[in-house]
Amino acid sequence: MADITFEVPYSFDASPRTVWDELIDWKGHEEWIPLTRVDVEPGDPTAVGAEFTAWTGIGPASLADRMRVRRCDWDGATSSGNCEVEKLGPILRGTAGFIVEPGRSGGWADLVWFEKVSVRYVPQFLAPIVGAIGAAGFKQGMRWLDKLITGRRPA
């Protein structure tokens with residue numbers, strides 16, 4: 001089992017609330033994470049204890065990423081939010097999430113996406129490679145999300 005940790009910072013050309021709303025729309029992740037479909041349990045999807053599953057891949061070669069919300073808090077006074085989910089297995093276990101804040105580096109909103117997971121069936125010596133691939137994938141996802149948000153904004 002490989003222990004993998006990474007962070008992906010990204011600056012969006014959108015307001016923090018707009019970015020937050022896109023990120024907490026679990027089903028909406030299908031629009032900007034390639035080869036992914038998301039099943040969301042009934043109820044408030046951001047409530048502590050809410051569960052959802054992201055399926056990434058094609059058909060029987062899909063990886064089920066089962067998750068449960070640990071916290072998902074938006075602070076309107078500071079225009080910032082913090083969301084963390086628990087990875088429930090069977091392949092991925094650990095935590096993941098994101099922090100959205102007003103931009104400091106030229107964008108309107110700054111994001112940090114984080115993952116701290118154990119990956120079953122992957123030997124530890126491959127952890128740096130798997131982590132780099134995971135981080136690169138999320139970085140590309142953030143680019144696609146930024147384009148999606150920008151395309152939705154009125155001119």
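Is Tyr121 buried or exposed, and what is its relative accessible area? After that, which residues lie closest to the centre of the largest pocket, and which elements give two or more residues to its lining?

Analyst: The model is predicted, so local features need pLDDT of at least 70 and side-chain atom pairs count only at pLDDT 80 or more, while totals for chains, interfaces and linings use all residues. Residues are numbered from 1 along each chain as its sequence is written, and side-chain values use heavy atoms, without hydrogens or water.

Tyr121 is exposed, with a relative accessible area of 63% (buried is under 20%, exposed over 50%, partly exposed in between, with a 1.4 Å probe and protein chains only). Tyr121 sits in the loop between E7 and H2 (helices, H or I, have at least four residues and strands, E, at least two; both are DSSP runs numbered from the N terminus). The phi of Tyr121 is positive, near 75°, in a residue other than glycine.

Ser79 is also a non-glycine residue with positive phi, about 50°. Ser79 belongs to the loop between E4 and E5 and is partly exposed, at 28% relative accessible area. Ser80 lies in strand E5 and is buried, at 19%. The side chains of Ser80 and Thr78 make a polar contact of 2.5 Å (N or O atoms within 3.5 Å, one able to donate a hydrogen and the other to accept it; residues adjacent in sequence count only if both atoms are side-chain atoms). Leaving out residues up to four places away in sequence, Ser80 touches Asp73, Trp74, Asp75, Val100, Glu101 and Pro102 (contact means heavy atoms within 4.5 Å). Strand E5 also holds Pro90, which is joined to Gly89 by a cis peptide bond with omega of about 10°.

The largest pocket holds about 840 Å³ of space (on a 1 Å grid, an open set of points with protein on both sides within 12 Å along at least five of seven lines, probed at 1.4 Å; lining residues have an atom within 4 Å of a point). Of its 38 lining residues, Thr56, Asp65, Lys87, Leu92 and Phe138 are the closest to the centre. Two or more lining residues come from each of strands E1 (2-12), E2 (36-40), E3 (51-56), E4 (63-75), E5 (80-90), E6 (92-102) and E7 (109-119), and from helix H2 (127-152). H2 gives the most, ten residues.

Thr56 has a polar side-chain contact of 3.0 Å with Thr36. Thr36 lies in strand E2 and is buried, with a relative accessible area of 11%. Beyond four places in sequence, Thr36 touches Glu30, Ala54, Trp55 and Thr56.

The largest nonpolar core has 38 residues, among which Phe12, Leu23, Phe98 and Leu111 touch the most other members (buried Ala, Val, Leu, Ile, Met, Phe, Trp, Tyr and Cys joined through side-chain atoms within 4.5 Å). E1, helix H1 (16-23), E3, E4, E5, E6, E7 and H2 each give this core two or more residues, and the largest share, six residues, comes from E1.

Definitions and conventions:
Points joined across faces, edges and corners; volume = space filled by probe spheres on them.
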